[in-house]
Every structure is written in C-alpha cells, then in structure tokens.
Amino acid sequence: MKRIGLLIAFAAFAVVFSPQFVLAQFDQIYGAAGTPTNGTIVKMSPSEVTIDVSGIQRAIPVNEIKRVSYGDDPAELRRAREAAQAGRYEEVGQEMAKIGAVTREVIKQDIEYYKAFAAAKMSLAGQGDRNLAIRALKTFIDANSGNYHYFEAVEVFGDLAMAAGRPDIAAAEYAKIAAAPWPDYKMRAAVLEAQSLLAQKKFPEALTKYETVANASITTPEATKQKVFANIGRAVCLAETGKPQEGIKLVEEIIAKEDPRDMQLFGKAYNALGTCYVASKQPKEALLAYLHTDILFYGASDAHAEALYHLSRLWTEVNKSDRAVQARNLLKDRYGGTMWASQP
C-alpha cells in the first residue's frame, strides 16, 4: 500500500510539473506553423504583439498571428475563442455569460472583442439586434485602438455598415485598414472600399481602385488572392459601364484558372458572371451563373445572399414565380441581416 501511495504521489507531481502544465501558465502566440511562442505579452498595437521570452522581447506582426491566448485566461474565454474560430457565434455569448471578475486588462479587452465580434457576425446572419451589435463593436474600436484585434474589428464594423445600407460609412471604415503596414492589407482595404463604391453605383471610382490592386507588383499568396478578387470586381464594373462581354471573358478566365475549392472566390466569380449576363440581356445565362453559387458555393454566405437576391428577380423574369418566392424566402430566413435581404 505504501508503494502504491508513492506512485500516486509521483504521478500527481509529474502532472503538475509536466511541460504542458507549465506552458499553460504562459501567454501564447500561435503563428501559421501552429507552434506557439510562449512567454509574457508585454505590449501590443494594431500591427504587432510583443512577447517576453525568457527576458528577450520579440515583436510578432499581427498579420502572422493566428491566435493569442493568455496564461490566466478564464476557461470560458478559451472555449469562446474556439467557438468564434469555428463560426459557432451563439456559443460565444453563452460562454461569455459565465465569466466572472477579470483583472488583467488585455483579457478584459479580449472578452469585449469576442462579445462584440460574435454579436456582429450573428447580426450579419440575420440573428440578434443589429443596432446593439453596431454599438458594441464601435465601443470596442473607440476604446481599444491599440489592440491587436483593431483591423479585424474595423473590417467587421464596415461589414455591418454595408448590411445596414450605409456603404458610405463602410468605405470610411475599410479605408482605415490601409493604415496597416503590410501591402496585402492595403490591397484588401482597396478591394473592400471598391465593393462599397459598387454598392453606391460609383462604378468608375470602383474600377480605378480595382485596377490599382490588379496591377500591383506584389506576388505574395495573399496579395495574389486580392488581385483575383480585384479582377472579379473589375468584371462587374465593366458590365455596369457598358462592356459586359469584356467582363464575361475576364470572369471565365478566372473560373478556368482558380481552385473551385475556394468557395468565397468562386461564389463571387459566378455572381460577377451573372451580373455580366444580366447587363448583356441574357437572363437564362445569368440564372445559370447565380445557380452555381446557390447550389455549389452556398458556403460563402455573403455571395450566397447576393445570388439569392438576383435569383428571386430573374426567376420572375422567366415566369417562374414559385422559384422566385422560394429564393426570396430563403434569403430572408437565412440572411435577413444582409443588405440583399433589405432590397426590394
């Protein structure tokens, strides 16, 4: 019995002082490789997080960070982060409601961010109060302009403005992302601004921004992806300015070249193709294009919402009123918080 007691005591000692247990007490910054940098986070800004690793401070750029956790995180906050990354936004709120008193400032900021972020995402999906989501995210941005979540929060706030039918406000928010020090972020900001200009029917201005991105000399993977999105936007602008055939050719080249596993990209591409066919007075071809998004790329929620809106109009045009009603009802039920659901 004495030997068994010693074994149990040794096992408990081993668990407490195991590397995994010790590392859990450190702050952790996870990069693309998945291996965390462990230490104590000593400062942060919208562009970098500085962590002290055994007395040596390392500044890690935010665009290289996938996730940050703190050694004294409440367990509920850890679960909420995981839920947010998986898109389970309702679960985020449930976990946040269980969190007690917190003293460390960066953890308080993380709690406020994920509360606001989840509320915004739910609002964009037609769930929850949009005005409350807007206020929560605006409060976080105004109070925490030095937080590493800043650029992401600003983008989501712009998305809320777009959904609320204020693309002018969205454009101003997206422009703030261009203050980031990384070229791919600046390109993303330009693409988002161009989208808000499209929503305002400022097609020449949008085309100029898209062309700036498409002609950029940067060739990183993220920059290359932004160029593709810019060319998709260019096709829409061409269609809306009397050159739909040029737009069709441009989108078809993208569809032939890119990876169809990228739902967001292909959803936008087929929507752009649909816009080009509408502009060239080919409603049946436009229907087929939007149906690609509806049937194959519905996982890209914003593109799917746009496709359903156009389908509801096109089905009416080809005398399929029952299909038009189905598309409209699905749009309102699934994407009630989007700008597409609010359009007549």
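Begin on the face of helix H6 turned away from its buried side, where the exposed residues Thr 139, Asp 142 and Ala 143 are found; exposed means over 50% relative accessible area, buried under 20% (1.4 Å probe, protein chains only). This is a predicted model, in which local features need pLDDT of at least 70, side-chain atom pairs count only at pLDDT 80 or more, and totals for chains, interfaces and linings use all residues. Residues are numbered from 1 along each chain as its sequence is written, and side-chain values use heavy atoms, with hydrogens and water left out.

Next, select the buried residues of H6: Ala 133, Leu 137, Phe 140 and Ile 141. They lie on the same side of H6, because they cover an arc of only 100 degrees around the axis, taken from the directions from the helix axis to the C-beta atoms. Helix H5 (105-124) and helix H7 (150-163) are among the elements that cover these residues.

Now display residues 130-143, the whole of H6. At the N-terminal end, select Asp 129, which caps H6 with a side-chain oxygen 2.8 Å from the backbone nitrogen of Asn 131.

Move to the loop between helix H9 (183-199) and helix H10 (203-214) and select Lys 201. Its phi is positive, near 60 degrees, in a residue other than glycine, and Lys 201 counts as exposed at 62% relative accessibility.

Finish at Asn 319, in the loop between helix H15 (301-317) and helix H16 (321-334). Asn 319 is not a glycine, yet has a positive phi of about 65 degrees; it is exposed, with a relative accessible area of 70%.

Terms used
Helices (H or I, at least four residues) and strands (E, at least two) are DSSP runs, numbered from the N terminus. The expected span of a helix is 1.5 Å times one less than its number of residues. Contact means heavy atoms within 4.5 Å. A polar contact is a pair of N or O atoms within 3.5 Å; within protein, one must be able to donate a hydrogen and the other to accept it, and residues adjacent in sequence count only if both atoms are side-chain atoms.
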